[in-house]
Amino acid sequence: TDLWLEPLSADDSQELVSNLLWMEGLPPALKERILSRAEGNPFYLEEILRSLIDQRAIAQDPASGQWQARTGVEEIAIPDTLEGVLVARIDRLQEETRRVLQLASVIGRIFLYRVLAELAAAEAAAYGDLALDPRLETLQHEELLRERTRLPELEYIFKHDLTREAAYNGLLKRERRIYHRQVAEALESLFPDRVEEQLGLLAHHWERAGDAEKAVEYLLRAGDQARTAYAHEEAVDYYERALSFLKEREEHERAARTLMKLGLTYHNAFDFQCSRDAYDEGFALWQQAGQMEPVAPPPPAPQPLRLLLGSTVESLDPGQ
């Protein structure tokens, strides 16, 4: 079911701002700029206001609880995009707190404390003890993360996936590969009895880590698992991602076997044309693999037939 969410109207946007901030004196020019930039996006509105609070452009009176704007707040720069607002908020965090947020962004929108602790321990050489607990409290106070559940595992969630993306994009590509490998290794070591439950997740992290062999292994296992559960779309996605690695590495035989599975998946989904296309491509790769890797002749028989010189053979029937 698709739900099409229309942008907030101008009146609704103003009401949201008023509800978020109990504030009498927000300068009309600033309010107009905020509303025009947000274009009815409630998340953008909220993040702009939080950005202004971070910059001390507006502050709460401890006595009355009312928000007040500082002099010259009209001149404060407001980023043009939601991503710009999020990046600016993340950049204003302390370095260690920002690094914890970035490590969490590699794991995913929902992440376990234990997995994050493994990554933080690996960062000790560069950043020292990241002191996870106070850093996570700060990130929750900043409304960037939320505690999702404590049982059976302490688990956190990014308030919005766009926040996770902004933090993730702040990492260098080389760093991302290293951290994805660490996440995959942490999942394998921490939860060895739950590997079958996390095949897709492990495939994702090994894929992002650039480890083709491990990625293909988990992608094929995840594809097989999805196919047997009749989750056809997921199975097709996993198989096609595995195929891209196999073709790049010119592993024609494994690619052909994967195409046979892909053809079967399409057949089960009643997409017979795609099924035939996959089978045809698979058979073509079988032939290519046979031409490139000729089958070795069978070894000689360990018990060759020996005859006395001058004798005749009446039958080759072993029973005779």
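**Reading the predicted fold**

Q: In which helix does His-205 lie?
A: His-205 sits in a helix made of residues 199-209; helices (H or I, at least four residues) and strands (E, at least two) are DSSP runs, numbered from the N terminus. The model is predicted: local features need pLDDT of at least 70, side-chain atom pairs count only at pLDDT 80 or more, and totals for chains, interfaces and linings use all residues. Residues are numbered from 1 along each chain as its sequence is written, and side-chain values use heavy atoms, with hydrogens and water left out. The helix that holds His-205 is H11.

Q: Does His-205 count as buried or exposed?
A: Buried means under 20% relative accessible area, exposed means over 50%, and partly exposed lies in between (1.4 Å probe, protein chains only). The relative accessibility of His-205 is 0%, so this residue counts as buried.

Q: Which residues does His-205 touch, not counting residues up to four places away in sequence?
A: Contact means heavy atoms within 4.5 Å. With residues up to four places away in sequence set aside, His-205 touches Val-106, Ile-107, His-180, Val-183, Ala-184 and Leu-187.

Q: How many helices and strands does the secondary structure of the protein come to?
A: Among the helices are H6, residues 113-122, and H11, residues 199-209. Strand E5 covers residues 155-158. The secondary structure comes to 15 helices and five strands.

Q: Why is the protein more spread out than a compact globule?
A: The C-alpha atoms fill a box of roughly 120 × 50 × 35 Å along the principal axes. The radius of gyration is taken over C-alpha atoms, and the globule rule is 2.2 Å times the number of residues to the power 0.38. For 320 residues the rule gives 20 Å, so the protein is more spread out than a compact globule because its radius of gyration is well over that, at 30 Å.

Q: In what order do the three strands form the open sheet?
A: Two strands pair if DSSP finds at least two bridges between them. The edge strands, each pairing on one side only, are E3 (110-112) and E4 (145-149). The pairing is antiparallel, and the order is E3-E5-E4.

Q: Over how many bridges do E4 and E5 pair?
A: A hairpin of five residues joins E4 to E5. Across the pair, Leu-145 stands opposite Phe-158, and the bridge partner of Thr-149 is Glu-155. E4 and E5 pair in the antiparallel sense, over bridges that number four.

Q: At what angle to E3 does helix H6 run?
A: Axes are lines fitted to C-alpha atoms, for helices over the stretch in contact, and angles run from 0 to 180 degrees between N-to-C directions. Helix H6 lies across E3 and E5, and its angle to E3 is about 75 degrees.

Q: Is the pair of Phe-111 and Tyr-156 stacked or edge-to-face?
A: Rings of Phe, Tyr and Trp (its six-membered ring) pair if their centres lie within 6.5 Å; planes under 30 degrees apart count as stacked, over 60 as edge-to-face and the rest as tilted. Phe-111 in E3 and Tyr-156 in E5 are 45 residues apart. Phe-111 is buried at 1% relative accessible area, and Tyr-156 is buried at 5%. The ring centres are 5.8 Å apart and the planes are at 20 degrees, so the pair is stacked.

Q: In which loop does Phe-270 lie?
A: Phe-270 has a positive phi of about 65 degrees although it is not a glycine. At 65% relative accessibility, Phe-270 counts as exposed. Its loop is the one between H14 and H15.
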